[in-house]
Amino acid sequence: MSKKNQPTDTRTAIDDVNDTLTDLEQKVEKNKKAIMWACVIVAVVVAAILVYIYAVRKPGINKANEQFGQAFNEQMFVSDSTALVMYQDLADNGSYDAANLANLYAATILYQKGEYQQALDYLKNYSASESIIAATSKSLEGDCYVNLKDYDKALSCYEDAIDEADENPYLVPMFLGKMANVQHELKDYKAEADLYRQIKDNYTNVYLQTSRFYNVGANPTVRDIDKYIERAEALAQQAQK
């Protein structure tokens, strides 16, 4: 075969790769300023985050923790009333976990003082991250509603507390007992009896073992559980007549 009949396209795969690289280099060159500014923006954002963490957030957390510690010491060793003011100031004006926890402590003191609506206001601003604390704070919210005679909301709070307790054998029967008391106030004696049966069927042994361990005698609710059931059933029968 003569040379003039050979194919004229002698490009190789290497040539194609080189062309591709050349195109990329040209695109990079055209977008060099955009890439530079993108890097600058990223560096500024990273710097801002680091400044926030080390110059704002950490000092803020330390200050809030110090405020909470002072309020706690005041509550333990001096005065609940002064501690309440300190907790309220931190809860109302502070931030971070310490301010969140101050809501719960303020609510607890307000409840003890009989300021149930104010206690509720602080409880609603509290967010628990651990199931036991979440359950007990919800129960306290229910207690506030009981004292305000808003029994439907109280029952709802106790139900939420049971859900949060995640089948804890010590907390759940306590919440069930509170619900039974509310049902008694509502004169729903059948519901009251059913709740006491749940305690008797599922939690009596736990209560008795705990009482013996701490040498405080049988828990009155457990000791008299049959009496409570009989009373509720008798009242339910009378209500049907």
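Select cysteine 157 to begin: at 5% relative accessibility, this residue counts as buried, where buried means under 20% relative accessible area, exposed over 50% and partly exposed in between, with a 1.4 Å probe and protein chains only. The model is a predicted one, in which local features need pLDDT of at least 70 and side-chain atom pairs count only at pLDDT 80 or more, while totals for chains, interfaces and linings use all residues. Residues are numbered from 1 along each chain as its sequence is written, and side-chain values use heavy atoms, with hydrogens and water left out.

For cysteine 144, the nearest cysteine sulfur is that of cysteine 157, 8.7 Å away. For cysteine 157, the nearest cysteine sulfur is that of cysteine 144, at 8.7 Å.

The chain contains eleven helices and zero strands; helices (H or I, at least four residues) and strands (E, at least two) are DSSP runs, numbered from the N terminus. Of the 241 residues of the chain, 29% count as buried. Among contacts between residues at least 6 apart in sequence, 50% join residues at least 24 apart, contact meaning heavy atoms within 4.5 Å.

Select helix H6 (residues 131-147) and helix H8 (residues 171-185) together. Two packed helices are described by the angle between their axes and the distance between the axes. The axes of H6 and H8 come within 11 Å and cross at roughly 15 degrees; axes are lines fitted to C-alpha atoms, for helices over the stretch in contact, and angles run from 0 to 180 degrees between N-to-C directions. H6 is therefore roughly parallel to H8, since angles under 35 degrees count as roughly parallel, over 145 as roughly antiparallel, 65 to 115 as roughly perpendicular and the rest as oblique.

Show the side chains between the two helices. On H6, the contact is made by Ile132, Ala135, Thr136, Ser139, Asp143 and Val146, and on H8 by Leu171, Phe175, Lys178 and Val182. By class, this contact has six nonpolar, two polar and two charged residues; Ala, Val, Leu, Ile, Met, Phe, Trp, Tyr, Cys and Pro count as nonpolar, Asp, Glu, Lys and Arg as charged, and the others, Gly among them, as polar.

Remain on H6 and select isoleucine 133, which is found in this helix. Isoleucine 133 is partly exposed, with a relative accessible area of 35%. Which residues does isoleucine 133 contact, leaving aside its neighbours within four places in sequence? They are Leu104, Tyr126 and Ala128. Isoleucine 133 and leucine 104 are 29 residues apart in sequence and 9.7 Å apart in space, C-alpha to C-alpha.

Proceed to the loop between helix H7 (151-165) and H8, where aspartate 166 lies. Aspartate 166 has a positive phi of about 55 degrees although it is not a glycine. Its relative accessible area is 61%, and aspartate 166 is exposed.

The last stop is lysine 187, in the loop between H8 and helix H9 (189-213). Phi of lysine 187 is near 65 degrees, a positive value in a residue other than glycine. Lysine 187 counts as exposed, at 58% relative accessibility.

How values were computed
Disulfide = S-S within 2.5 Å.
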